[in-house]
Amino acid sequence: MAELLKIIGVGLIASMATLIVRPVKPEFAVFIAVAGGIVLVIMMFNIFTDVFFVFRQITQLTGIDVGLFSALMQIVGVGFLTEFSANICEDSGNKSLADKIMLGGKIIILVISLPVLLGIVDIVTVLLNT
């Protein structure tokens, strides 16, 4: 819970600083928003590493292919990076660029998810044949 309060606090401070600076120097407001976003991502990275280790334990206990786990982590990473980048573009007034980044991220996620889909089909096929 303390981590959530820290994340909210940094987000609110960065947001307020952006609101204060935007009327005076709009170009600095974008930098403040980006810097605040980077600090938030770094803070969340520690939390995400705990999730990573739990998934690693699950793959070791169940014997699921590590490649499937790796693909899932890549999908999550692409989703986070895509949304973060698109939000930065949108905050700086480039909505059409943000939309293109989101489309690109969705296509990449589709490509990365194909081995996961094939792995699921393999697991279902084995279960149906036994």
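Begin by selecting Thr18, which sits in helix H1, the helix spanning residues 2-21. The model on the screen is a predicted one. Is Thr18 buried or exposed? Thr18 has a relative accessible area of 8%, and it counts as buried because that value is under 20%.

The relative accessible area of Ile8 is 42%. Ile8 is therefore described as partly exposed, since this value lies between 20% and 50%. Now extend the selection to Met1, Leu4, Leu5 and Leu12: together with Ile8, these residues form a nonpolar patch on the surface. The accessible area of the patch as a whole is about 550 Å².

Which residues make up the largest nonpolar core? To display this core, select Leu68, Ala71, Ile75, Val78, Ile112 and Val116, 6 residues in all. Two or more residues of the core are given by each of helix H3 (66-91) and helix H4 (95-129). The largest share, 4 residues, comes from H3. In soluble globular proteins, nonpolar side chains tend to be buried together.

Finally, centre the view on Ile75, a member of this core. With its neighbours within four places in sequence left aside, Ile75 is in contact with Ile109, Ile112 and Ser113. Of these, Ile112 is itself one of the core residues.

Note on methods:
Residues are numbered from 1 along each chain as its sequence is written. This is a predicted model: local features need pLDDT of at least 70, side-chain atom pairs count only at pLDDT 80 or more; totals for chains, interfaces and linings use all residues. Side-chain values use heavy atoms; hydrogens and water are left out. Buried means under 20% relative accessible area, exposed over 50%, partly exposed in between (1.4 Å probe, protein chains only). Patches are made of residues with over 30% relative accessible area and no salt bridge: like charges are joined within 9 Å, nonpolar side chains (Val, Leu, Ile, Met, Phe, Trp, Tyr) within 5 Å. Accessible areas come from the Shrake-Rupley method with a 1.4 Å probe; for residues, only the protein chains shown count as cover. A salt bridge is a side-chain nitrogen of Lys or Arg within 4 Å of a carboxyl oxygen of Asp or Glu. A nonpolar core is a set of buried Ala, Val, Leu, Ile, Met, Phe, Trp, Tyr and Cys residues joined through side-chain atoms within 4.5 Å. Contact means heavy atoms within 4.5 Å.
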